[in-house]
There are 2 protein chains.
Amino acid sequence: MIELIGISAGVLTTICWLPQALSIIRSKSAKDISLTAQCAFTAGVFLWLVYGVALERPALIVANAVTFALAAAILILKLRFG
Amino acid sequence: MIELIGISAGVLTTICWLPQALSIIRSKSAKDISLTAQCAFTAGVFLWLVYGVALERPALIVANAVTFALAAAILILKLRFG
């Protein structure tokens, strides 16, 4: 039951990054995104992933692995499109 | 050590919400924010808070309590300023 709560939390806090990533790809612009905030967020999500692995908690691992991939993609797009 | 990783992750993924909340308050505009994405994110962070309480993990509890407060504030500002 606990992992189910975690997985639902993970789905919700991950899918909401998709529209932003898609809109940057479509508009080829990431001017609304703060590079500092995006770096901090991407690093933080990576640490949550390490935390999940250390605790062997699937919900933390899966949610943060997907969110890290999206956050890193947004960071790369920010560096590329400015 | 594990909780230290979680607390560092929490600090990083929480502070990056501050600039957004402050810029909405200053500009009295939240047009760049998707109401659907913000609702999903706020609900997701609340579930992470429940997950942290269920696992009795301080890092998850503190980080998600603060992030939930910020996300909820941004949601209220979005509903108020549009």
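Visitor: How many residue pairs are in polar contact between chain B and chain A?
Guide: In this predicted model, the count between chain B and chain A is four residue pairs, both residues at pLDDT 80 or more. A polar contact is a pair of N or O atoms within 3.5 Å; within protein, one must be able to donate a hydrogen and the other to accept it, and residues adjacent in sequence count only if both atoms are side-chain atoms.

Visitor: Which elements of chain B touch chain A?
Guide: Those giving two or more residues are α1 (2-15), α3 (35-55) and α4 (58-81) of chain B. Helices here are DSSP runs of H or I with at least four residues, and strands are runs of E with at least two, numbered from the N terminus.

Visitor: Which one gives the most?
Guide: α3(B) does, with twelve residues.

Visitor: And how many salt bridges cross the interface?
Guide: The rule, a side-chain nitrogen of Lys or Arg within 4 Å of a carboxyl oxygen of Asp or Glu, finds zero between chain B and chain A.

Visitor: Changing topic, what is the secondary structure of chain A?
Guide: Chain A has four helices and zero strands, in the pattern α-α-α-α along the sequence. Its C-alpha atoms fill a box of roughly 40 × 20 × 15 Å along the principal axes.

Visitor: How are residues and chains labelled?
Guide: Residues are numbered from 1 along each chain as its sequence is written, and chains are lettered from A in the order in which they are written. Side-chain values use heavy atoms, leaving out hydrogens and water.

Technical notes: This is a predicted model: local features need pLDDT of at least 70, side-chain atom pairs count only at pLDDT 80 or more; totals for chains, interfaces and linings use all residues.
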